[in-house]
Amino acid sequence: MKIATWNVNSLKVRLPQVLDWMAANPEVTALCLQETKMDDPVFPQAEIEAAGYHVAFAGQKTYNGVAIIARAPIEDVVINVPGFDDPQKRLITATVNGVRLIGAYIPNGQDLESDKYPYKLAWLEALLQWLQAQLQQYPQLALLGDYNIAPEDRDVHDIKKWAGGVLVSPPEREAFARMLALGLSDAFRHFEQPEKSFSWWDYRGFSFKKNAGLRIDHILMSPALLARCSSCVIDVEPRKHERPSDHTPVIATLD
DNA sequence: ATGGCTACTTCTAGTAGA
């Protein structure tokens, strides 16, 4: 079984690509999506189910929105962090094949002076509390999604250009480190990887062609799940297609 | 170099993404 995450930057635009990708990746049991940008009443549930999948989702108009598409039933779904009052839909938690999946679209933060930056840090605090509680209940757990954090300098194509800004600021990286301190591991870094591996490239300035990207989409795993994990890769293929998302899928193989 | 590119909504120009 494989689990995956993909920020699709509008499911309305990318649904055909998502269905094609699932068909091309038959071992993927569950795919977490971010930035669906669709309110629940217009979510393409019927199309996804007609293609043979289970789906759970929590969306809003224009911004954010998360979903899980799976080849197995999706159980015990929780939307957002209970008790954390958040009008934005950025978190979906569910169990698929006995694995607890937390699909996250962590806030971008915009810049260090923006109101969105303290929102990002508060959001990360709430996520950390939720992670801690879920880990106690579900030993086999993965946190998958768009973290909007490049954990290390090697995850940034040009650290001089990004240094001191959002996505790499010390408080954000400390929040990431605190996830690791809970016992989680960055599945991608658990294996040998090519240098300059990224999961996002700006649409502008031929960034993908120049591989001027960031690694901000991650799969963190609990010890019990990491023990079952044999690989973790970034799939750059969809970024080459017509009208791509600016993010690419990240896939982990289990068992 | 504050541009560049894409998606969205509806003051089709302005916001947001990262």
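This is a predicted model: local features need pLDDT of at least 70, side-chain atom pairs count only at pLDDT 80 or more; totals for chains, interfaces and linings use all residues.
G183 comes after helix α5 and has a positive phi, near 110°.

Now step back to α5 itself and select residues 170–181. That gives you 12 residues, and from the first C-alpha to the last the helix reaches 16 Å, close to the 16 Å expected at 1.5 Å a residue.

Next, colour E172, R173, A175, F176 and M179, the buried residues of α5. Look down the axis: these residues sit on the same side of α5, because they cover an arc of only 150° around it. Here's the general idea: an α-helix has 3.6 residues a turn, so residues three or four places apart point the same way.

What do the buried residues of α5 pack against? Show α3 (116–137), β8 (141–146), α4 (159–162), β9 (185–186) and β12 (217–221), and you have their packing partners.

Time to visit the DNA. Select DNA strand B and the 22 residues around it; S10, E35, Y105, N108 and R204 come nearest. The residues of this surface split into eight nonpolar, seven polar and seven charged.

- Y105: a side-chain N or O atom is 2.9 Å from one.
- R14: a polar side-chain atom lies 3.0 Å from one.
- N7: a side-chain N or O atom is 3.4 Å from one.

Note on methods:
Residues are numbered from 1 along each chain as its sequence is written. Chains are lettered from A and ligands numbered from 1 in the order in which they are written. Side-chain values use heavy atoms; hydrogens and water are left out. Helices (H or I, at least four residues) and strands (E, at least two) are DSSP runs, numbered from the N terminus. The expected span of a helix is 1.5 Å times one less than its number of residues. Buried means under 20% relative accessible area, exposed over 50%, partly exposed in between (1.4 Å probe, protein chains only). The arc is that of the directions from the helix axis to the C-beta atoms. Contact means heavy atoms within 4.5 Å. A residue is near a molecule or strand if one of its heavy atoms lies within 4 Å of it. A polar contact is a pair of N or O atoms within 3.5 Å; within protein, one must be able to donate a hydrogen and the other to accept it, and residues adjacent in sequence count only if both atoms are side-chain atoms. Ala, Val, Leu, Ile, Met, Phe, Trp, Tyr, Cys and Pro count as nonpolar, Asp, Glu, Lys and Arg as charged, and the others, Gly among them, as polar.
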